[in-house]
Protein chains: 4
Amino acid sequence: MSDIKKVVLAYSGGLDTSVILKWLQDTYGCEVVTFTADLGQGEELEPARAKALKLGIKAKNIFIDDLREEFVRDFVFPMFRANTVYEGEYLLGTSIARPLIAKRLIEIVNKTGADAICHGATGKGNDQVRFELGAYALKPGVKVIAPWREWDLLSREKLMNYAESHGIPIDMKHKKGGSPYSMDANLLHISFEGRHLEDPAAEAEESMWRWTVSPEKAPNKAEYIDIQYAKGDPVAINGKKMKPHEILALLNELGGKHGIGRLDLVENRYVGMKSRGCYETPGGTILLKGHRAIESITLDREVAHLKDDLMPRYASLIYNGYWWSPERQALQTLIDHTQEHVNGSVRLKLYKGNVIVVGRDSKQDSLFDPTIATFEDDAGAYDQKDAGGFIKLNALRMRIGANRDARKAPKVAAKKPAAKKAVAPKAAAKTPAKAASRKKA
Amino acid sequence: MSDIKKVVLAYSGGLDTSVILKWLQDTYGCEVVTFTADLGQGEELEPARAKALKLGIKAKNIFIDDLREEFVRDFVFPMFRANTVYEGEYLLGTSIARPLIAKRLIEIVNKTGADAICHGATGKGNDQVRFELGAYALKPGVKVIAPWREWDLLSREKLMNYAESHGIPIDMKHKKGGSPYSMDANLLHISFEGRHLEDPAAEAEESMWRWTVSPEKAPNKAEYIDIQYAKGDPVAINGKKMKPHEILALLNELGGKHGIGRLDLVENRYVGMKSRGCYETPGGTILLKGHRAIESITLDREVAHLKDDLMPRYASLIYNGYWWSPERQALQTLIDHTQEHVNGSVRLKLYKGNVIVVGRDSKQDSLFDPTIATFEDDAGAYDQKDAGGFIKLNALRMRIGANRDARKAPKVAAKKPAAKKAVAPKAAAKTPAKAASRKKA
Amino acid sequence: MSDIKKVVLAYSGGLDTSVILKWLQDTYGCEVVTFTADLGQGEELEPARAKALKLGIKAKNIFIDDLREEFVRDFVFPMFRANTVYEGEYLLGTSIARPLIAKRLIEIVNKTGADAICHGATGKGNDQVRFELGAYALKPGVKVIAPWREWDLLSREKLMNYAESHGIPIDMKHKKGGSPYSMDANLLHISFEGRHLEDPAAEAEESMWRWTVSPEKAPNKAEYIDIQYAKGDPVAINGKKMKPHEILALLNELGGKHGIGRLDLVENRYVGMKSRGCYETPGGTILLKGHRAIESITLDREVAHLKDDLMPRYASLIYNGYWWSPERQALQTLIDHTQEHVNGSVRLKLYKGNVIVVGRDSKQDSLFDPTIATFEDDAGAYDQKDAGGFIKLNALRMRIGANRDARKAPKVAAKKPAAKKAVAPKAAAKTPAKAASRKKA
Amino acid sequence: MSDIKKVVLAYSGGLDTSVILKWLQDTYGCEVVTFTADLGQGEELEPARAKALKLGIKAKNIFIDDLREEFVRDFVFPMFRANTVYEGEYLLGTSIARPLIAKRLIEIVNKTGADAICHGATGKGNDQVRFELGAYALKPGVKVIAPWREWDLLSREKLMNYAESHGIPIDMKHKKGGSPYSMDANLLHISFEGRHLEDPAAEAEESMWRWTVSPEKAPNKAEYIDIQYAKGDPVAINGKKMKPHEILALLNELGGKHGIGRLDLVENRYVGMKSRGCYETPGGTILLKGHRAIESITLDREVAHLKDDLMPRYASLIYNGYWWSPERQALQTLIDHTQEHVNGSVRLKLYKGNVIVVGRDSKQDSLFDPTIATFEDDAGAYDQKDAGGFIKLNALRMRIGANRDARKAPKVAAKKPAAKKAVAPKAAAKTPAKAASRKKA
């Protein structure tokens, strides 16, 4: 049926990917290599090794990697440099982990001489796209097996039956019906989809949330923190230097404690449907706020606006699985270039779900110049008269336009004003601007 | 000195514009018309009339208008249709009021036969630009007097001396040094600038805030509200239909009670400097959240993304004073067109500074289709196999690109990888994609 | 095999779609309705009727429509309002015809109670996408049959064999090997792909071109024409009012005569590959030039720039088949809104492949104001001193930035300048701008 | 009157800047340093030295520099990497020279210890902005003298009188009324403005053009050339390697001979007015065409589209004088990054005003893959069935949307269709897509 000899499976150790492991052996008759990553999801990985061994995987074919530092340093932080949010709200916690998994899958393909990869993402979601676009971009000839698009085990019942009849151990939780949600976790976030959430009008149950307390249960006293940034990346908390993943882990702890980073969203999937997701991104929510704050005093206005204009496009690229595309890399080049001067520190107040910026400082790189902005006498630092010319020239095209409209006005006078429009007073045809008063006859 | 006969002054009744009123009479020797607007700033306007009369303004030359409904209906709501925020955070409370004042000034110019307008905005800020661009766009031949760019009363002391020597009444608060902040208020927000805030590293004092309690002092119990939207605009709260300004006023009350809508920001002014501002926008903060939520189930993905891509530009136009420009109007046409289906209701939870979306519903206009998005068996509503082709074609250009890179790889092998880059595994030159395996020799 | 009862086939009367017609009858056993459109491709359509009858189609199931006026009025002209070109060069001649065909197919589906459409586009091209996205957008439940993605008649030989064995008449030209090119024609253009063109380094043969003479063979004497525009659409040539399709037909004639509108291009298809195409778009090339010229004197600068910024996106939407999408319609709303004042006339010189703008005029709508732009004394229409303030404020943020860089300079002095960069002279740290000279200590 | 001790004057040696030189000495009583650049404008520069000496400038204060190579290498070529045109047509010949002059002025300021620069650009044009923004960005504390904004010599007559009364030599051409045009020339182009051109409806006179013959007078025989590109820049013509400015000079010669690169335009100036300009850019026109052609086979689709989306913004930055701004540099970083693979050669045919691409080739970097794009049987390189899934998922959101519209249709049936709109057939409410057929009841 197939010319696939060896496949690298993204293996979590859970029920679904264990069934896939067995199904691959049975259906493709090929050697299976498992890859399990520690991305900070908070689960032990050694049970995955034991399970893989039990399911017949050779020891040399079991790869278990701690990717936490690489994940935060090379994926999360570069993304945050752009103040990235998808559709105005989503911090892309799942999206940004997939390209790293794709990269590592291909590295293992290259190392083991495999010819295919396999993942457990469904055919309805974004993750299949992210895994596969990444894999194809990094190794164009690789083959992809996506069981959920191939097999007929489409209900939980069929899956459980398959597991039982093939000797795959089933946890108690699955026997009881499993978690009511489809979840994904890594150092940046934990997400929830499915079941009760499939009605977008229904409030998420409090018991669903795992990483954060509710704002109601958060401490009654606020906590202040300082985040130090170097070239756009956080490098220290409260003066203490830490590695990227340590910083994110600490901020997750602080954010979780203060009820920060919950999000309840209906988002647009790349495959064309809307879906409702709930997310907890405590540390990321703090970092997003902090990064904007340090940029606010160190970034030139037009550079900041250029970044803001490009951000939604950059966010969509990541959401849609194009991390390894040349256009994402081109945008990253621009974004990274802008972070040269993004150095300094931000003071934040954490309180019951709120992340409040209370101060920002940059000794070397601040562009905030109080001698100019002051409401007091500035002793000549800024000549207010300059503003007159600034306004006059910026207005010129509109004045010429208004004169044109005034000339035409009598002819259009009969027209009814459009509904729902803030109607402006008619430009008086009799007092044209000096600027445009002597038109050619 | 001047050929100005009659000038319409934007008159608040406060010290600054009273001094300007007198200064206009003395310097230009012209008739002064005063215009005072109720934009919901929460101050009585009759004292302004009394003061104007006392300063010698004829009764027929005193215009006091209640513009609250027009303000919210024709300016605030159209702006919110675009989910507008400037520089990622600022809800444009001051910016959006200026074009209405400019419009009304010109209407009064036309009515009274005046030839100039005058305002009390400084030469360092954005408001002068907003007033004047608006005025020039609506009446290209109008003249503008901007005393702060012309006179030498640049310190508070000189201003007070001028007032005293010209018989202008001075409030006790000014005698004591006045408010420590430069403030602006209307139904959408109240803003604070200057003094203590001129150090961006210093936390704003709690006593500064006026419209909102601190999250700490907000009620310990959350409050749920329903906002009903029609064509993108809120039309009812908790099932009760209200006029636009009534809705905003009620949401201000609710938001203020729950500590919602405070913002502490360093922003980039159009005139080229950074400045620090603090804002309270309780109702607007709730509306922004609600509008995104109702759009999330009623707006097509690509339309939503188009709006997101254009929003920063639209926000800058408003911030910079281009409300009456043809490009803002062109964008508005697009934005308004997209709101046709934005109907339905949103349920929000207000709690100690948080506005939390807990549900959204649209009987007629929802694009959320649970039969497609479900994680359960969907009985064929969506064919998962389609995703394979979708991914394959989206990957094609990247696979061809990776093959190209693999062909070139040996020649660039010596190159060191660039710093600060998530390095991808090398595309294996020996296993090119089938898709590109038979290149012309 | 299928639950399809009746299918509407986009039928040209040529060999390919005749084979498809037969194949549909054999494979699906369903009733076939044929639809043949006159889009100005320059072929007689009655032979298609005869052929369809001969192949067993009922007379009432044969639809032959003259869509020329609708095509130009509702598709070509709206597209030209945006100065639309794909990838900097392609005038979208094929792309813009497909949504009209999709619309008419669905109208016939609705009229005849059919449940499916069928087209003869290959699985490698853009046209399949354009037909099907259009059909799905207009009738989401319609079924689509795309024989080239289903059958095994993938070589010309197999196709000919099928035709012969099923009694489908074969033209002499096909027996001789057929045209060396895959072609598509309508009132806007004729296109050529395939065969000799598949080598992008090889020059197209002169004999390929059909609608235009070569510039070498064009008349030695230039011809001048005037195009009159109303709301952005051409309405008269040389003072003579004509219908949209008559205008385009006349311009095709004039352009073809003068060797205008040839294009040789490698373009990026939506399905992920590059392909080489040659196009003749004589009238369209003239219209594009003319439209930009009339806009140049009637459109506000920022509106023009907004249109230019959005154009590539709008062009991609049309190229990719999203004419009937909500985002294209939203953009169209904006584009149409901007054309209100695009009235006037343009004078063009046609000569051996060149379309040269030699004059533009708009009595009512011109924004060109010679009293301001003149190099002569303008008697005060424009105050040159205003420019000083304009520049000063626009420079302010860059001066503050340069001061920042100067402060930091000693520390980065050791850094080597990046290669391939126009290196600026170092900002002298000792002469900071007055504007920023008194920084906080 | 002034605290300016030494000023560096951008000195052409012509009448205007000679008058300025004298006026500076008289008005400011300061030492004048002259700077004259060879940018390939085609004039001898030694007469400028002689004239400066005669006007009393010290020999050590006369700077005459050959900047041709730097101009083309560091300014023109980087700009062409982006396929830059302003407002769809203008190749920015003047705009791109100004930042280099600003840079050199500041270098000389630093070298001579001057405190100001002076230029001869008028207060109505873009050049003043370009000179001054560049100067301020590179040396924020520099002072700027712009005589045309300060003095009262606003007519040609006054200028001539001043020259005569101050012993400044006047050429015969000026005595006869001078050139009828305001001109600017460098290696990239020569421009014409003013006089006869101030009526946008009037055709430019044939005698105006200087660098190109008319297409009518160009050779009757076409000429073919090959341009070789490396990383996006042209490096050889017809196989012969040349320096950047040599390449542009040769292409100017070839283009001029064949009547290539004339442009007659109404453009929007940054200062707010429209102006009519005529340009000859023979070599640049060839390079623009060539660069797009080599990119067409070497650049990824999405990277090319990203560049196209950003190009108008990049062009405006250059046109408006922001070459030395941080946002232009950020964009340049992205643009340069994309040129890594833009290697290969382009074959062009030059004939009577036409630049025709006839072939493009890239041994190493081509992304054109004929095995995929072919109309012939491709032996499995591309699976046409993939296209079905690709289309289905791309259509999904539109089908869901059409179903929504169909549900609502009865209620809106009474609405009249909007004018000027390509009306789509009504989505049949009775045949919803399978995809969306089981909505929640």
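**View 1. Chain C laid on chain D.** In this predicted model, a rotation of 180° with 0.0 Å of shift along its axis superposes chain C on chain D, with an RMSD of 0.0 Å (least squares on the C-alpha atoms of residues with pLDDT of at least 70 in both). The two copies are thus related as by a two-fold rotation axis. The same surface serves both: 100% of the contact residues of chain C recur in chain D (contact means heavy atoms within 4.5 Å).

**View 2. The interface of chain C and chain D.** Here 121 residues of chain C are in contact with 121 residues of chain D. The size of an interface is often given as the accessible area lost when the parts come together. Chain C and chain D bury about 10,500 Å² between them (1.4 Å probe, summed over both). Of this area, 56% is on carbon and sulfur atoms.

**View 3. A salt bridge across the interface.** Arg397(D) and Glu327(C) meet through their side chains at 2.7 Å, N to O. The interface of chain C and chain D has eight salt bridges by the rule (a side-chain nitrogen of Lys or Arg within 4 Å of a carboxyl oxygen of Asp or Glu). Helix 14 of chain C, residues 386-412 (a DSSP run of H or I, at least four residues), gives the largest share of the side that touches chain D, 12 residues.

**View 4. Around Phe71(C).** Not counting residues up to four places away in sequence, Phe71(C) touches Leu39(C), Val76(C), Ile96(C), Ala97(C), Leu100(C), Asn186(C), Leu187(C) and Leu188(C).

**Notes.** Residues are numbered from 1 along each chain as its sequence is written, and chains are lettered from A in the order in which they are written. Local features need pLDDT of at least 70, side-chain atom pairs count only at pLDDT 80 or more, and totals for chains, interfaces and linings use all residues, while side-chain values use heavy atoms, with hydrogens and water left out.

How values were computed: Buried area is the accessible area (1.4 Å probe) that two parts lose on being put together, summed over both. Helices (H or I, at least four residues) and strands (E, at least two) are DSSP runs, numbered from the N terminus.
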